[in-house]
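Subject: Structure handover

Hello,

Here is the structure you asked about, and my notes follow below it. Please read them with the model open.

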Amino acid sequence: MDYLKGLNPPQREAVERTDGPVMIIAGAGSGKTRVLTYRIAHLIHAKGVDPFNILSLTFTNKAAAEMKLRIEKLIGLDARNTWMGTFHSTFAKILRVEADKIGYPSNFTIYDTDDSKSLIRTIVKEMKLDDKVYKPSTVLSRISGAKNRLIAWETYLNDPYIKSDDDAAMKPRMGEIYKNYQKRLFRSGAMDFDDLLFNTNILFRDHLDVLNKYQQRFKYVMVDEFQDTNVSQYLITKKLAAVHQNICVVGDDAQSIYAFRGADIQNILNFEKDYPDLFVVKLEQNYRSTKNIVQAANSIIAKNKAQLKKDIWTQNTEGDLIELIKASSDNEEGRLVATTIFEEKNNKKLNNSDFAVLYRTNSQSRSIEEALRKMNITYKIVGGLSFYQRKEIKDLLAYLRFVVNHEDEEAFKRIINYPKRGIGDTTVEKILVAAYDHDIPLWHVIQNSSSFLGGRAANTVDDFCTMIKSFGIEVERKDAFEAASSIAKQSGLLKDLYEDKTIEGLNRYENVQELLNAIKEYVDNPENPEKSLGAFLQEIALLTDNDRNKDTTDSVTLMTIHSSKGLEFKQVFVVGMEEDLFPSQMMMQSREDLEEERRLFYVASTRAMDKLYLTYALTRYRFGRLLNCEPSRFLEEVDPMCIKVNKRMTSALAGALRNESSEGKSGFVGIKNQSQRPMTTAKIHTPSPDFKPSNTNNLQEGAKVEHPKFGFGLVNKIETEGINRKASIQFDNFGEKTLLLSFAKLRII
Ligand code: ATP
Ligand code: MG
C-alpha cells in the first residue's frame, strides 16, 4: 500500500490501529490531521469499510472538504459518503431527521448569535429588567456556558450552587431569563448553536432506539482538535462510540484556545479513564516548520505550567531567524507588513496565498488592509463581518426562514415592516404579547390580528399573511433557487435595494444577487440530494466564517489567531504583539487566562512553515483614542537565539530605539507597568530605586548587571555585533538568559 509510505512509524501505527480507542496527543505540525486523513483512506481502501459507516468531526467544514479531497487523491476513491463536518453541522443534520422525537419541527430554524441576543433583549425588556445589568451578550454567554456543561434551565433555576457568587448577587434573575429564553426558542421552532449539541444529548439520552441506530451506523468515529471539545460534545462522541469503541481522537493540549466557550482540557485527561485499554500515540516530529520556528514555539509553551510534556523536534532546515518588527504606529505596522510581503514575494517567487497576517482581535485588520490595498496586494479577510452577517442578506434569509417556519419570531421581527409597510414597533409588540402571554402560536395570532389590532394595521398584517402563504406554495412546488428568487422579487426587497443608487446600495443589491447565486449553486450540486429551501437554510446557518470564503483568487489571508487553527502558511506575521492587546487585557483575570493567551501565541507561531514575523507598534488607535503601547511580555519569552531585529529598522528606527532605551521609554523588555500587570508566572525582581538603563554599546564579558525583571547577573558571553548583538547573562535567580542588547534594559553595575 503505497500511501502508507507517506507516514513515519508512529503515524503509521496510528493509521493501522483502526480498531479500539486511540488517542494522539501531539504537538503542532506533527501530522495529526494527516493521520486522520490517511486513517479514513485506509479504512475504506484496505479494510473495506463502507464510507457510510465513518464519522469524522473537524474544526471547520472547510477542513472536512479538504480532507475529502485528499482522501480521493490518496486512494482514488470517493469519500463522499463519509460523514464529515463540524459537531454543529453533523448533529444539526441528525436533529433534522429526529426532531419530532424531542418536540421540534423538522424545519426548525437555527438562530445565530444576533438572533439570540435580540431575543434576550426582548425578554429582558418584557421582564422589566435593566439591560445594563442583564446585557444580552453577557446573558447569552452565561446561558451558553450552562448549556455546554449540560445544565438545563430547570437545574440552573433551582440549584443555587450552579450560579457563580457574582451572578447570584448581581444577576439574580438569570435563571428566569434562561427559562424564558428556552421556552421562547421552543415556541419559535428555533434552536441556538448550543442547543444543537444540548438537544442531541437529550435525544440520545431519552431515545435509546435513536441512539442505537447511530451507534450501529457509525462504526468508526474520529475527532480532530479534540482539545477544544466541550463536555456536551465529548458526551455525544462517547455515546456514539459506545458500541463499537472504535474511536480515535487527535489533539494538542498546548493548542487549547476555547476555554471561554466551555472547551475543557479535562476531556483529554478523562479520555484515559473512560477507555482503560486506550492506545496512545505520541508524535514528536514536526514536518511543518523550520528548526528556528519549532525552537521558538517550544520556548513559548514551556512557560505554561499546565501542559503535558512533549519534545517537538524537526529534521527541517534551520531556516531564517524569526524577525521582530517594531513600528512607530499601527499604520506603520501595516506598511511594514505590506512592504515585507511585497519584497519577499518578489525575492522568493512566492504567491499571495503563501502569506498570512494573524491578529488577536478583528479590529486590527484595518491598518493592515489599508497598507495592502495601497500596495495593490490582494487579500481576503476570514471572519469579521462575513457575508451572511450583512443586513440585506439577513433580511432576505429572514423571509426565507419565515416562509419555511411560520413560528420563527426573530425572522418575523425582521420582515414584518421591511420593506416598509407602515407597521410600527407598538403593533409588533402587541402581536408578540398576544402570542406569548396567551400561549397562542405566532402564526395563528397574525392570521387573526383584526381581533386586537386597529383596521389599518390589521389589513396590512392580513396582506402580509397572504403574501407569506403564497410564498409557501412556491416553496412547495419549486426548488430552493426558483422559490428564493421569486420571494426576493415579490417581497419588494430587491426593488427597495435597487432604488438606492449609492455605491453601498448597489453593493447591497449585488450581495443579494450573490446569495441567489449561492442557492443556485447549492441546488445544482449533486452532493446535495435535498434541494428544498429548508435544507439550504440549514446548511448555511452552520457555515463557519472559514467556510464562507469561496474565493479562489490568490490572496494574502488576514484572520484572527482563533480561526487559524490547523492551517499552515509559508510566511506568517503575528501583529500587535503589545501588552493589553496580546495578551488581551480582557482575558487577564487569572493565571489560567494568561496561559490560554500563551497557548494562542503558540498556535499563531506554529502556523508558519518557513518564516515568522512578530510585529508591534508603539502607538495605536484603540477605542477611538491614541494609546501608547508597550511590547508584549510574550516577546521576552521567545528564545532570543531564534530571533533577530528586522534590518528594515537599522537606520531610522534603530537610532530611535537606542534613544528610547536610554530615556527609559518602552523597549523590548517592557517592565514599565510591571506592578499593574495582573499575573506573571515567575517571581519578578523589584528594580533598585535608582534603576536606569545604561548604554550597553561597550558592555563587556564579565560585567555585573541588573535587569529590571531578572535581577542581578553576570555577563558570560557576548555574541554578534550590530543590532543583533546578544549577551548571555547568568542571573542569580533566573538562570542563564540570552538577551538582545538593543532591547534589553540593563544597568551596568
Ligand atoms: P496542527 O496541530 O497545527 O493541527 P497537525 O499535527 O494536524 O498540526 P498536519 O497539519 O497534519 O499537522 O501536518 C503538518 C504538515 O506536515 C502538513 O503539511 C503535512 O502534510 C506534513 N506532514 C505530516 N506528516 C508528514 C510525513 N510523515 N511526511 C511528510 N509530510 C508530513
Ligand atoms: Mg491539525
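A residue is taken as near a molecule or strand if its C-beta atom, placed from the backbone, lies within 6 Å of it. Of the 19 residues around ligand 1, those that come nearest are Gly31, Lys32, Thr33, Arg34 and Tyr287. Helix H2 (residues 32–45) gives the largest share of this shell, 3 residues. Helices (H or I, at least four residues) and strands (E, at least two) are DSSP runs, numbered from the N terminus. By class, the shell around ligand 1 holds 4 nonpolar, 10 polar and 5 charged residues. Here Ala, Val, Leu, Ile, Met, Phe, Trp, Tyr, Cys and Pro count as nonpolar, Asp, Glu, Lys and Arg as charged, and the others, Gly among them, as polar.

This is a predicted model, in which local features need pLDDT of at least 70 and side-chain atom pairs count only at pLDDT 80 or more, while totals for chains, interfaces and linings use all residues. Residues are numbered from 1 along each chain as its sequence is written, and chains are lettered from A and ligands numbered from 1 in the order in which they are written.

Next, a helix pair. Helix H17 (residues 391–404) packs against helix H22 (residues 480–490) at an angle of about 115 degrees, and their axes are 10 Å apart. The axes are lines fitted to C-alpha atoms, for helices over the stretch in contact, and angles run from 0 to 180 degrees between N-to-C directions. On the H17 side, Leu396, Tyr399, Leu400 and Val403 meet Ala484, Ile487 and Ala488 of H22; contact requires C-beta atoms, placed from the backbone, within 7 Å. The residues of this contact are 7 nonpolar, no polar and no charged.

Then the backbone. One joins Tyr418 and Pro419, with omega about -10 degrees, and Pro419 sits in the loop between helix H18 (409–415) and helix H19 (425–437). Another joins Phe582 and Pro583, with omega about 10 degrees; Pro583 is in the loop between strand E15 (569–574) and helix H27 (591–605).

Lys349 is not a glycine but has a positive phi of about 55 degrees. Lys349 lies in the loop between helix H15 (330–348) and strand E12 (355–359). Lys349 counts as exposed because 8 C-beta neighbours lie inside 10 Å (buried means 20 or more other C-beta atoms within 10 Å, exposed 12 or fewer, partly exposed in between, with C-beta atoms placed from the backbone).

Regards

Notes
Contact = placed C-beta atoms within 7 Å.
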